[in-house]
Amino acid sequence: MMTLYAQLEFLCKIYSKGQNEGSNNKVVLEAKASLIINKIKQNFQKHFSGTFKLLQTYVDLTRLKALFPRACSYICNPQRELPPHLKPHIDSYFSELALVNQVHLLALQVSKKVHNLDTT
């Protein structure tokens with residue numbers, strides 16, 4: 001489910017940046033978003049409908065709304081324009097993850113250099 005919400009969040013982010021561009025982009029984005037929403041609803045029915053009666057309840061209890069506010073807003077009302085001020089927590093997560101990855105790669109490089117010093 002998180003993967004589908006992340007995909008929809010990314011589409012909503014693209015759409016909110018290019019709202020003033022051509023309507024052809026809007027049609028393509030809406031078509032892709034519609035497919036993702038259908039997959040989300042199918043997934044919900046298949047795996048969670050016994051536990052939760054409504055998709056909205058599931059989203060609230062799992063805090064997906066905090067991670068993917070644009071996607072949740074779009075699912076609730078696709079006709080409404082997306083508020084540009086919504087910044088999901090997941091955006092900062094990815095930048096922090098990138099920094100951790102850089103530190104990891106730097107540590108690997110230092111480790112190889114130290115290992116090479118020991119062998120000479």
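Mentor: Here is a walk through the core, its helices and its aromatic rings.

Before we start, this is a predicted model, where local features need pLDDT of at least 70, side-chain atom pairs count only at pLDDT 80 or more, and totals for chains, interfaces and linings use all residues. Residues are numbered from 1 along each chain as its sequence is written, and side-chain values use heavy atoms, with hydrogens and water left out.

The largest nonpolar core has 23 residues. A nonpolar core here is a set of buried Ala, Val, Leu, Ile, Met, Phe, Trp, Tyr and Cys residues joined through side-chain atoms within 4.5 Å. Buried means under 20% relative accessible area, exposed means over 50%, and partly exposed is in between (1.4 Å probe, protein chains only). Tyr5, Leu8, Ile40, Leu55 and Tyr58 are the members that touch the most others. Two or more core residues come from each of helix H1 (2–17), helix H2 (23–47), helix H3 (55–61) and helix H5 (69–76). Helices are DSSP runs (H or I, at least four residues), and strands are too (E, at least two), numbered from the N terminus.

Let's zoom in on Ile40. Setting aside neighbours within four places in sequence, Ile40 is in contact with Met1, Leu4, Tyr5, Leu8, Leu55 and Ile75; contact means heavy atoms within 4.5 Å.

What about H5? Pro69, Arg70, Ala71, Cys72, Ser73, Tyr74 and Ile75 are buried there. That's 7 of the 8 residues of H5, so this helix is largely enclosed by the rest of the structure.

Now for the rings: a search of the whole structure finds 3 aromatic pairs. One of them joins Tyr5 and Phe68, which are stacked, at 6.1 Å centre to centre and 25° between the planes. Tyr5 lies in helix H1 and Phe68 in the loop between helix H4 (64–67) and H5, so the pair ties together parts that are 63 residues apart in sequence. As for the cut-offs, rings of Phe, Tyr and Trp (its six-membered ring) pair if their centres lie within 6.5 Å; planes under 30 degrees apart count as stacked, over 60 as edge-to-face and the rest as tilted. Both partners are tucked away: Tyr5 counts as buried at 1% relative accessibility, and Phe68 counts as buried at 2%.
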